[in-house]
Amino acid sequence: MSREADIVFEEVSYCYPHSEGGNLPENRCQGTTNAAASTGAGTALSEVSLTVERGEFIAVIGANGSGKSTLARHINALLLPSGGRVLVVGFDSSDPNTAFTIRSHAGMIFQNPNTQIIASIVADDVAFGPENLNIEHSELVGRVSDALDQVGMLPFAEADPSQLSGGQKQRVAIAGILAMHPDVLVLDEPGAMLDVRGRRGIRRVVRELNASGMTVVLITHFMEEAVLAKRVVVMDGGRIALDGQPAEVFSDPDTLRQLGLGIPFSMRLAEALIARGLPVPQPIRPEELKELLCSWY
Amino acid sequence: MQLVLDRLSFTYHSHSTDRWALRDLSLTIKSGDFWGIIGHSGSGKSTLLQLLAGLIQPSSGTLCLDGESLQSPKLRSKLFARIGIAFQYPEQQLFAPTVGEDIGFAARNAGLSATDCDQRVRQAMAKLNLDYQRYATRSPFELSGGEQRRVALAGILVLQPELLILDEPTAGLDPAGREHLMDVIHDLHSGGCSVVMASHSMEDIAKLANRVLVLVEGRPFLQGSPAEVFRHADELRTHNLGVPDSESFAAELRGLGLPLPPSLLTLNALADALAELLSEQKQSEKNI
């Protein structure tokens, strides 16, 4: 079998039904033509084309309302495109028979860890997904402990999830996905409700999973998380505004500001130093800036 | 106003006294203060904020507002009019069909006349950079996350509190929304409102607060001006708490031999110090 791309978006448009309080005419967002997609005020995605290869780690960033979460929800068929086509590990999401197949290949983690835990024991919660896939008991037990081990939560297998911290709950939620042996992991701002320590734990787990071959799509507001990815996609007004390696995407502070994004610390400092008459080049990474400043002293 | 906490403790487990959510905290909040509260989830931050707002009662110790203990329920109801609290994700509490009605809810409940209410709503919206014409008649539910957050805060300011308590006010906002809200909070404080703000962002705290409290496992760990608190970088690090980006970058530069002054807590402070140091250097080079 050829190694095809895990995720393919072909000119995908999406419009939330009943947006603008339901005043939006139905037909306004259903067409696949340019006009329909670009004029609708409720359009969350406009002709987005994107290919994510197997084993890639991409970060998706953008301002609130730029379409990041809508994009994420198309990857496991929670939302179906109004126009265009989404293929996940080769399956077309618009075919109603493939939704479950797609979801067993592509798992999703949401912002709030509390809304994703359903059982009263950690191990039971992790078992819920694979149980629904009719995995045999003996294999199920192995999958659950492997998954908990991967996220560093094996010692808590018998714990009550409500006694865990937000970061630990989020890792249990990830284990619940891993136990289904997916190819793709989609995380929609997994750290938004966590403290620094919780976020760090999630970051480490995500990096390790990607290193072991998992395709990862990470939606985030945190620029220091985005630079972990090998590729950064910037969303703006339902379209892809930038797509490239972190160094390329973070090259121009003015563009980043226009897109409503944060600017990495070293670049903000460089800006402040330029304003004070010091000839610092942009973009600059922290290490380069340190070296430069020391060479001047 | 002055809020004095004296050896305040709180436990959620009234029958056992071995698990304290907050232990032996003494603190004085004066008019015009801006307190930044730092600590991990579970460190007692939210418990402290609820105690300050009179929503829960201390298990031991006292809490006094302008010299009067808040043990009596009568005084507590007075407290509610003077102290406004915004929980995490306050926009989840929006409920009215229009922005104007939602913001005016507390004012109507307080028995203000329709004209006064309207006046208060306009003032609160202006403070949060929400244009009255543009927003007042819209549904709060069709606004962006950042706009909703500001509507929710306006609903608290409508009672014109003397002290504003904020629990992670910028969580979940995008960088532009975060920066905007920080500016708004800065202006509120400059306008005379005292603030207590819990935040995971050392940058926000360094930028806005003039007093900092660090909580570790329910106990006060450090307390003082930002410069005093962030001087203890190593101790903070042992508890997995950081210092602002500017100061940790400055510390690395000091390690590489640049003689920078201590406590460079904001980007501008660091940039100023670097500019001064490096232009001095150029001057002395010229002299040689």
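# A quick tour of chains A and B

Let's start inside chain B: strand β7 (residues 163-167) has five of its five residues buried, so it is largely enclosed by the rest of the structure. Keep in mind that this is a predicted model. Chain B has 288 residues, and 51% of them count as buried. Its secondary structure comes to 12 helices and 10 strands.

**Strand β7 of chain B and its partners**

- Both faces of β7(B) are covered, with L163(B), I165(B) and D167(B) buried on one side, and L164(B) and L166(B) buried on the other.
- Strand β6 (residues 83-86) of chain B pairs with β7(B) in the parallel sense, over four bridges.
- Within that pairing, L164(B) in β7(B) has G84(B) standing opposite.
- β7(B) is also joined to strand β8 (residues 194-198) of chain B by five bridges, and these two strands run parallel.

**Chain B as a whole**

- The C-alpha trace of chain B spans about 75 × 55 × 30 Å along its principal axes.
- Chain B has an accessible surface of about 13000 Å², and carbon and sulfur atoms make up 49% of that.
- Take the contacts in chain B with a separation of 6 or more: 63% of them are between residues 24 or more positions apart.

- Helix α1 (residues 45-52) of chain B is mostly covered, with six of its eight residues buried.
- Those buried residues of α1(B) are K45(B), T47(B), L48(B), L49(B), L51(B) and L52(B).
- After α1(B) comes G54(B), which has a positive phi near 75°.
- Further along, helix α12 (residues 267-287) of chain B holds L274(B).
- L274(B) is buried, and its relative accessible area is 0%.
- What does L274(B) touch, leaving out residues up to four places away in sequence? In chain A, the list is L269(A), L273(A), L278(A) and L293(A), and in chain B it is L253(B), L258(B) and L260(B).
- L258(B) sits 16 residues from L274(B) in sequence, and their C-alpha atoms are 9.0 Å apart in space.

**The open sheet in chain A**

- Over in chain A, four strands form an open sheet in the order β2-β1-β4-β5, with antiparallel pairing.
- At the edges of this sheet are β2 (43-52) and β5 (91-92) of chain A, each pairing on one side only.
- Strand β1 (residues 7-15) of chain A pairs with β2(A) over six bridges in the antiparallel sense.
- One bridge to find here links C15(A) with its partner T43(A) in β2(A).
- Helix α2 (residues 68-75) of chain A lies across β1, β2 and β4 (83-88) of the chain, and runs at about 125° to β1(A).

**Helix α4 of chain A**

- In helix α4 (residues 122-132) of chain A, the buried residues are V122(A), A123(A), D125(A), V126(A), A127(A), G129(A) and P130(A).
- Where do the buried residues of α4(A) pack? They go against α5 (137-150) and α6 (166-178) of chain A.
- Just after α4(A), you'll find N134(A) with a positive phi of about 60°.

Methods: Residues are numbered from 1 along each chain as its sequence is written. Chains are lettered from A and ligands numbered from 1 in the order in which they are written. This is a predicted model: local features need pLDDT of at least 70, side-chain atom pairs count only at pLDDT 80 or more; totals for chains, interfaces and linings use all residues. Side-chain values use heavy atoms; hydrogens and water are left out. Buried means under 20% relative accessible area, exposed over 50%, partly exposed in between (1.4 Å probe, protein chains only). Contact means heavy atoms within 4.5 Å. Two strands pair if DSSP finds at least two bridges between them. Axes are lines fitted to C-alpha atoms, for helices over the stretch in contact, and angles run from 0 to 180 degrees between N-to-C directions. Accessible areas come from the Shrake-Rupley method with a 1.4 Å probe; for residues, only the protein chains shown count as cover.
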